Amino acid sequence: MAVKEMYAVTPQWNNQALREELEPTEIEFRNVGKCFPAKGKADAPFAIREVNFKIRRGEVVSIIGPSGCGKSTILNMGSGLYRPSEGEVFVGGEPVTGPVPQVAFMLQKDLLMPWRSIRRNVELGLEIQGVPAATRQKVALDLLDRCHLNATPITTRSSSPVACASAPPWPAPWPSTRRCCSSTSRSRPSMPRPR
């Protein structure tokens, strides 16, 4: 059963035309719906439906609602991890058809790899993309400095700031980086250490 109430809190503008001109739309949902059919089934009830909103450059938007109302589903569609069952999602004016490199997704649980150092956890996205080690280290140290973590010993038990430093997509220049953050209460298992 879909929960009927969810709110997106956005700033109010007196002059909409000025807002359109000064702050381009970064993320937009147009009449979006998502259902999750069971395997082998064609139909399923919609988890969310008729979602319409725009997020402009520089805005901080909160999506608030009870557990199960579709907050994470919206974030998954905005990052390209899910495709909408109906409607369209746009990032930077382009339709989302798969994972979007300009969107980072950080879950409530940080999911860091405890066998890697803090710096190496921050480097992981670059490492996966094949970025040379020297460049990865330089970028990671810069990010840790920006998060004020460069001189602080951090353990994986208190690692949410480290996960945040790990979240930006790679490679992406700072001004165009967009973030989606999810805050859910579901527990997620820790990633196993490779053998």
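Helices (H or I, at least four residues) and strands (E, at least two) are taken here as DSSP runs, numbered from the N terminus. With that rule, I counted five helices and eight strands in the protein chain.

**Entry 1. The model.** I noted that this is a predicted model, in which local features need pLDDT of at least 70 and side-chain atom pairs count only at pLDDT 80 or more, while totals for chains, interfaces and linings use all residues. Residues are numbered from 1 along each chain as its sequence is written, and side-chain values use heavy atoms, with hydrogens and water left out.

**Entry 2. The whole chain.** I read the order of elements along the sequence as β-α-β-β-β-α-β-β-β-α-α-α-β. I then looked up burial, where buried means under 20% relative accessible area, exposed over 50%, and partly exposed in between (1.4 Å probe, protein chains only). Of the 195 residues of the protein chain, 35% count as buried. For the surface I used accessible areas from the Shrake-Rupley method with a 1.4 Å probe, in which only the protein chains shown count as cover for residues. The protein chain exposes about 12400 Å², of which carbon and sulfur atoms supply 53%. For contacts (heavy atoms within 4.5 Å), I took those between residues at least 6 apart in sequence; 65% of these join residues at least 24 apart.

Entry 3. Four strands form an open sheet in the order 3-2-5-6, with antiparallel pairing. At its edges I found strand 3 (46–56) and strand 6 (94–95), each of which pairs on one side only.

Strand 2 (residues 25–35) runs antiparallel to strand 5 (residues 86–91), with five bridges between them. I located two of the bridge partners in strand 5: Phe90 for Glu28, and Glu86 for Gly33. Strand 5 is also joined to strand 6 by two bridges, again in the antiparallel sense, and there Phe90 has Pro95 as its partner. The hairpin of strand 5 and strand 6 has two residues between the strands, and Gly92 in this hairpin takes a positive phi near 60°.

**Entry 4. Helix 2.** I found helix 2 (residues 71–78) lying across strand 2, strand 3 and strand 5, at about 120° to strand 2. Axes are lines fitted to C-alpha atoms, for helices over the stretch in contact, and angles run from 0 to 180 degrees between N-to-C directions.

**Entry 5. Cysteines.** I searched for disulfides, defined as pairs of cysteine sulfur atoms within 2.5 Å, and the count came to zero. Cys35 counts as buried because its relative accessibility is 12%. Cys69 is likewise buried, with a relative accessible area of 2%.

Technical notes:
Two strands pair if DSSP finds at least two bridges between them.
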